[in-house]
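Please work through the following exercises with the sequence and the structure in view. Each task is followed by a solution in steps.

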Amino acid sequence: MNAPLEVGRFGSGKTVRRIEDPTLVAGKGQFTDDLNRLGQAHLIVLRSPHAHARIAAVDVSGARALPGVLAAYSGADLVAAGVKPIAAAIPFPRPDGSPAASAQRHALALDRVRYVGEAVAAVVGVSRDAALAGIDAVRVEYEELPAVVDAVSAMAPGAPVLCDAAPDNIAAEMRHGDAAATDAAFARAAHRVALDLVNQRIAPSPIEPRVVLAEMEGDRLIVTLSSQMPTSVRDGLVATLAQLTPAQVRVRVGDVGGGFGMKTGIYPEDIVVAHAARSLRRPVKWCAQRLEEFSASVHGRDVLSHAEMALAANGQVLALRVRSAANVGGYATATGVLIPLLVGPWVTTSIYDIPIISLHLTAVMSNVTPVGAYRGAGRPEAIYIVERLFDAAARKMGVDPSELRRRNMIKPAQMPYTNPMAQVYDCGEFEKILDKGLALANWRGFASRRAQSKLRGKLRGRGIATFLEWTGGNTLVENASVKVLPEGIIELTSATQAMGQGIATSYAQLAVDVFGVGIDCIRVLQGDTDRANGFGSAGSRSLFTGGGAVHVASQRTVEHAKQLAGEALEAAASDIEYRAGRFNVVGTDLGIGLFELAAKQSAAQISMDGTARAGGPSWPNACHICEVEVDPDTGQVDVVGYASVNDIGRVISPQIVRGQVEGGAVQGIGQALCEQVVYDKESGQLLSASFMDYALPRVDGYRGFKTEFDTSIPCRTNVLGAKGVGELGTIGATPAVVNAVIDALAEAGLGRAAEKLQMPLTPMVVWRALNGEFDSVRMP
Amino acid sequence: MTSLRLQVNGQPVVTDIQPNTLLLDLLRGPLGLTGTHCGCDTGQCGACTVLLDDMAVKSCTLLALQAQDRHVATVEGLADATGKRHPLQEAFMACHGLQCGFCTPGILMAACGLLKSVAQPSEAQIVDALEGNLCRCTGYVNIVTAVQQAALAMAPSGGSR
């Protein structure tokens, strides 16, 4: 019953048991597919088997004639019903100055399909089996067209064209920096290095497939789905469905089985399911099969880059020059284009004082699944480039790669620092983080570890990545509502969205700091557009924006409640002190409990909103060091050491942030070593469409992480001093691992030729490299 | 329709089902045990793992009829009759062995199957037992630790707990 002790145990900075967990470990979570409604119908989507084809005819009449089929829709049916295309407002120009281009995208394709898996028709049945039988009865006449699946081929003259407004398939193009100054810097440079880099296509692969359940409540449309951005889904439905206002839609999100950026914004299936529920006036559910997740949920990355670095004789980097082509898929979206053309460039120079850059970036359409956000979204691609270049330069110059990085790091005295993309870093002590990282990894002891590996017949390599990332999603204002309820509950409402990251627990800890009550008293409400609206959760923004709002709203609630306590106790509010769930008149034993006070109010609650406004993105940064062993006989790569020191400012939930960095690092290791979406070059067929063909990391991978946090450098631009953490591990791991493998192979005799390795570093790729064989990749 | 008789979490179940009903769909549908999840529908992710006579199986690739006269255990049956959590559930909470929690029921059941046959498994045995379960959030780091901790807690001496 000792309240201050409770606070000490559950407030920020302490490891607490997550409030999400009791439900989840009991199997009592409420994932969307766990919900079933009376009279619920099932929707199945018919998808294009072709990468590129004209649709000559779609005949759904056979499906409609079947017993148990409630409705069948073609693209034309939806247009006739007033369903509008999905808008793609892309704020970038094409090379000729014309606006960004993309083919018009309909929820169900109208006259052409542009990737395998594109939705073409939908059938609603009283049961899943009835709907499946209906799908079999849909007739689609396709006229196949030639397909192209990679960015460079798509830009080549004579390539199949996806969209008339872009005969070169370029959706948009951006040039950043100063090309002439860059050329001059390269001309005077003592050292120049150049790399061709493939940042391969990734399937985000949350284990919960997408599920949508739509139903009518009177005249209101209620859509429950697995999403990171409920408000964006609501707005997307309003923008596409006929005669629907925001007030007529409620989007709800229950438990989300992983997001990783993939569940941001509206999907075609959301629109079709909502349309079906509205027109049939009964609940309709659609559950993606894993095959549909692979072919019809957004992919990430897929950027080809030719990257160059110019250095002075002393190792000072003079300039960076990058030419990239991002394959954004069959339809360009604002997110798919923004990520490679702007978000990545914001961190191109990372933590280094590089004055001059020249970036030429194109977003190219081809006959593959559209690209969207995937954990890191632009920053992993940019950081991979600069970290690979530093290793290449260090190898060429014969300098320790950590030393070359150190010489170029921005100094604390330079803060706030404006990088060549006009991004302002508020703080950062990068050399200090580097030193701690080198110590944690025992950098100097590597030679003896390499010798020991050699005795076992293994090639040992070491890779480093020192980096920062941009967080906040460019939406830095967030609101929170607090309600104190008589039953002893403090309810926090936020438009940010839980997706497994433990944000509810972190918010609860922040509320405990202010209210001084046990964490069991805190309840967090998210995922309901009737309760809160906002940007949602992406870009590692939730804690430092939404958490700030929770902090502010909690403080305002206590201040407001002090006034109410003054009234109840007939004392001046200035004489009231609040401590651990109780208001007391100073110097007396007169007092009232917080929840008792709530019960006395006419509304039987005390409620207050709060807004937090961050002054800029937060810039989490880190030093990640990986060691690998390569088996020269098989090409197998094993991660054998991984040490990281991370500056994420103030830490609210130590166990949660460790889980974010280490779990995120395993995703980054997955990209480095095994994951890859593969399309057949001729047919455009998706070859990696199951977990048998797409290799996610499994339990036999590396788990021995050494992870530390430096909390001494709080963010200066938000009320909490916290920096985003959700994507940090993923961004650092990929270059650290690849640099380690290249180091091992370079040392094994390949020298700088090892830099031709391209991800994923599968045993086959590494074994062939050891035998001098590399895949050639056409670069932009 | 075919008649099916089995035990689920210790309770007798008698029902008529279509012969092509998957065990997963029987559990999640008519029996309302939605803790068992469908992550890939092809037997590769393990979110649907349950115990069939104490052996971990993937319920998405098993016909319900294959459970005829047998005993199925799901995540809902892990806690004891009083609602006290199983040591595995406690350990997953304590070790942060879950994030989004979608794969967790399957992983708990796979681990439970292991501990039924090997009370004090080695790390290699744990890794082997969980090889068929995918987790995208945790990187598996805390999952293996949690299983080790649960095994210790379940030891006759009560382990270090």
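**Exercise 1.** Which residue with a positive phi follows α2(B)?

*Solution.* The residue that comes after α2(B) is H96(B), and its phi is positive, near 60 degrees. Helices (H or I, at least four residues) and strands (E, at least two) are DSSP runs, numbered from the N terminus. The model is predicted: local features need pLDDT of at least 70, side-chain atom pairs count only at pLDDT 80 or more, and totals for chains, interfaces and linings use all residues. Residues are numbered from 1 along each chain as its sequence is written, while chains are lettered from A and ligands numbered from 1 in the order in which they are written.

**Exercise 2.** Determine how far helix α2(B) is covered, and by what.

*Solution.* Step 1: apply the criterion. A residue is buried if 20 or more other C-beta atoms lie within 10 Å of its own, exposed if 12 or fewer, and partly exposed in between, with C-beta atoms placed from the backbone.

Step 2: count. The helix spans residues 87-94 of chain B, and six of its eight residues are buried, so by this criterion the helix is mostly covered. The buried residues are P87(B), L88(B), Q89(B), A91(B), F92(B) and A94(B).

Step 3: find the partners. These buried residues pack against α3 (104-117) and α5 (141-154) of chain B, and also against α2 (21-25) of chain A.

**Exercise 3.** Why does A79(B) count as partly exposed?

*Solution.* Step 1: locate the residue. A79(B) sits in the loop between β5 (71-73) and α2 of chain B.

Step 2: count neighbours. A79(B) is classed as partly exposed because it has 16 C-beta neighbours inside 10 Å.

Step 3: list contacts, where two residues are in contact if their C-beta atoms, placed from the backbone, lie within 7 Å. Apart from neighbours within four places in sequence, A79(B) is in contact with A26(A), K84(B), R85(B), H86(B) and Q89(B).

**Exercise 4.** Describe how the two domains of chain B meet.

*Solution.* Step 1: by an automatic or database domain assignment, chain B is divided into domain 1 (2-77) and domain 2 (87-154). Their C-alpha centres lie 21 Å apart.

Step 2: the contact takes 15 residues from domain 1 of chain B and 13 residues from domain 2 of chain B. On the domain 1 side, β3 (49-52) and β4 (55-58) of chain B are the elements that give two or more residues. The largest share, three residues, is that of β3(B).
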